[in-house]
Amino acid sequence: GALVVSSTADNVVTRVGSLPVLLCAAVGLQACVPWPSRVTVAPEIVGMVREAGRPLTGAAIYYAYGYPHGMGTDCTGIEVAATTDLEGRFSFEEVKEFRFFLTVGDPIYPYIICVERAGQPVLLWSSQEMGYVLTPVGLECELTEPVREGRAAFGPCAVRYPEKWNQ
């Protein structure tokens with residue numbers, strides 16, 4: 001079907017295809033402005049994993065960011081991205097992507113990190129940051145700790161953000 005748009009000022013009725021109208025409405029609701037730039041979509045992450053106070057060495061670390069894999073707390077379907085060293089440390093570089101449109105408002109940047117235990121991935125940290133991505137992020141994870149919730153993040157890790165964000 002077509003959408004009928006009428007103007008009472010001059011009694012003109014115009015037929016407009018519904019697809020162009022829907023596309024214009026969808027773009028308008030997105031609050032996007034053409035502004036080519038590189039945007040940080042995942043922070044630099046430096047972490048350490050311990051179990052009962054001892055470094056977890058040689059453990060597979062799973063990592064995903066963005067939609068749909070970075071959402072939630074389920075580690076299923078996420079690929080191994082790193083392995084912990086002799087001190088239980090792991091790291092990921094900051095990820096930037098080219099975006100043609102600048103989002104007006106607070107976009108959500110999700111990411112999730114898991115560690116392999118007994119052949120299964122276990123949640124270390126999941127975050128759905130709103131607004132600009134805070135980078136770098138430091139994670140100190142103790143697997144015997146309960147899952148923490150706070151600031152749109154979940155997992156048994158204490159999170160350290162840069163000093164400039166804590167002022």
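A: Strands (E, at least two residues) are DSSP runs, numbered from the N terminus. Before going on: this is a predicted model, where local features need pLDDT of at least 70, side-chain atom pairs count only at pLDDT 80 or more, and totals for chains, interfaces and linings use all residues. Residues are numbered from 1 along each chain as its sequence is written, and side-chain values use heavy atoms, with hydrogens and water left out.

Q: Is Thr-84 buried or exposed?
A: Buried means under 20% relative accessible area, exposed over 50%, and partly exposed in between (1.4 Å probe, protein chains only). Thr-84 comes out at 5%, so it counts as buried.

Q: Which backbone nitrogens does the side chain of Thr-84 reach?
A: Look for polar contacts: pairs of N or O atoms within 3.5 Å; within protein, one must be able to donate a hydrogen and the other to accept it, and residues adjacent in sequence count only if both atoms are side-chain atoms. Here a polar atom of the Thr-84 side chain lies 3.0 Å from the backbone nitrogen of Gly-58, and the side chain reaches the backbone nitrogen of Ala-59 at 2.8 Å. Contact means heavy atoms within 4.5 Å; leaving aside neighbours within four places in sequence, Thr-84 touches several residues, including Val-49, Leu-56, Ile-61 and Phe-90.

Q: What is the phi of Ala-118?
A: Most residues other than glycine have a negative phi. Ala-118 goes positive, near 50 degrees, in the loop between β10 (108-117) and β11 (120-130). With a relative accessible area of 80%, Ala-118 is exposed. Ala-52 has a positive phi too, about 55 degrees, and lies in the loop between β4 (45-51) and β5 (54-55).

Q: How many aromatic pairs are there?
A: You describe a pair of aromatic rings by the distance of the centres and the angle of the planes. Rings of Phe, Tyr and Trp (its six-membered ring) pair if their centres lie within 6.5 Å; planes under 30 degrees apart count as stacked, over 60 as edge-to-face and the rest as tilted. That rule gives three pairs. One of them, Tyr-63 with Phe-92, is stacked, at 4.2 Å centre to centre and 20 degrees between the planes. Tyr-63 lies in strand β6 (residues 60-65) and Phe-92 in strand β8, so this pair ties together parts 29 residues apart in sequence. Both Tyr-63 and Phe-92 are buried.

Methods
Helices (H or I, at least four residues) and strands (E, at least two) are DSSP runs, numbered from the N terminus.
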